[in-house]
Amino acid sequence: MLPGVYEAKKKNGTPYFRSNFTYNGKHISLGSYDTEELAFRAYLDAIKLTKNTDLILYDDFSQFTLPFAKIISILNYRDNGIYMKTPIYVYQNYFVYFLSPSIELKFDLDDLFYYSTRTISARKGHYFVADYGMQVTITSRYGIKNHAVKGRDYQFVNGDDTDFRYANIVVINKYYGVAKCIHRKRDAYRVKIHINGDFSIGYYEDEVKAAIAYNKAVDAARDSGLKKNYPINFIDEITNRQYAQIYSQIQLPTKYLHALQKYKK
């Protein structure tokens with residue numbers, strides 16, 4: 001058997017070949033391959049990466065047999081002394097997670113442990129990780145809801161939507177049904193709810209009060225018998241008692257309450 005290659009068998013008895021090598025005292029798996037030759041080529045790639053320091057992060061590795069994600073992990077271990085199974089390269093004040101040679105996501109070092117143990121996937125311009133058996137969006141870590149629209153509800157300060165460092169993300173609207181706006185020449189939060197069309201619940205100076213007003217509008221819709229799965233705002237900035245006091249003071253528009261009458265049984 002060629003150096004760094006071990007034969008194994010699948011459950012159905014079909015043989016395949018695993019490749020691995022040891023670097024700086026660490027045993028590193030290089031993956032599984034259909035042939036002994038491919039596994040050996042991956043082994044040689046790994047040796048080349050560690051021996052040839054002229055090979056750097058943004059070189060062309062298209063001729064390598066070794067998967068790109070594993071190349072990044074090895075380069076990071078070679079240069080920074082930290083081995084992670086995910087394709088992360090660490091810089092002084094941040095790190096980069098490579099989805100591919102052309103797509104890299106930037107994060108603060110505070111998130112290094114989290115992403116060193118989770119694989120990021122992309123779908124329709126959104127990024128996800130598997131977290132405790134659930135698929136969650138990366139943006140949820142910043143308090144951004146799934147319904148949020150980039151540019152309206154949150155924005156990237158430097159215009160780079162692959163830069164997920166905390167200082168680069170500004171959440172504009174963090175509650176369902178609430179949007180920041182200018183009302184009577186002052187900053188305000190407009191509350192809307194959709195039935196057959198959008199109904200305005202009102203304008204509020206305080207974002208939390210606006211979120212509670214939306215919740216009260218949802219409660220009224222449900223009480224009327226409207227069968228729609230409205231999300232509810234979870235508010236942890238205030239106590240339950242404060243929430244109840246604000247809730248009781250909010251008056252829903254008469255026009256909205258009249259519109260709900262037709263849904264009552």
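Which side chain meets Arg186 in a salt bridge? The partner is Glu205, with N and O 3.5 Å apart. A salt bridge here is a side-chain nitrogen of Lys or Arg within 4 Å of a carboxyl oxygen of Asp or Glu. This pair links distant parts of the chain. Arg186 sits in strand 13 (residues 186–194), while Glu205 lies in the loop between strand 14 (198–204) and helix 4 (207–223). The two residues are 19 residues apart. Glu205 is exposed, at 61% relative accessible area. Exposed means over 50%, buried under 20%, and partly exposed in between, with a 1.4 Å probe and protein chains only. Helices (H or I, at least four residues) and strands (E, at least two) are DSSP runs, numbered from the N terminus.

The model is predicted: local features need pLDDT of at least 70, side-chain atom pairs count only at pLDDT 80 or more, and totals for chains, interfaces and linings use all residues. Residues are numbered from 1 along each chain as its sequence is written, and side-chain values use heavy atoms, leaving out hydrogens and water.

Side chains of opposite charge can pair when their charged atoms come close. The salt-bridge rule gives a count of ten. One of them joins Asp161 to Lys150, with the closest N and O atoms 2.9 Å apart. Asp161 lies in the loop between strand 10 (154–156) and strand 11 (169–171), and Lys150 in the loop between strand 9 (134–137) and strand 10, so the pair ties together parts eleven residues apart in sequence. Asp161 is partly exposed, at 34% relative accessibility. Lys150 is also partly exposed, at 47%.

Asp163 and Arg165 form another salt bridge, at 2.8 Å from N to O. Asp163 is buried, at 2% relative accessibility. Arg165 is partly exposed, at 25%.

Three strands form an open sheet in the order 4-5-6, with antiparallel pairing. Two strands count as paired if DSSP finds at least two bridges between them. Strand 4 (88–90) and strand 6 (103–108) are the edges, and each pairs on one side only. Neighbouring strands are turned by 25° against each other on average, direction ignored. Strand 4 pairs with strand 5 (residues 94–100) over three bridges, in the antiparallel sense. Within strand 5, Tyr97 is the bridge partner of Ile88.

Helix 2 (residues 68–80) lies across strand 4 and strand 5. Helix 2 runs at about 20° to strand 4. Axes are lines fitted to C-alpha atoms, for helices over the stretch in contact (heavy atoms within 4.5 Å). Angles run from 0 to 180 degrees between N-to-C directions.
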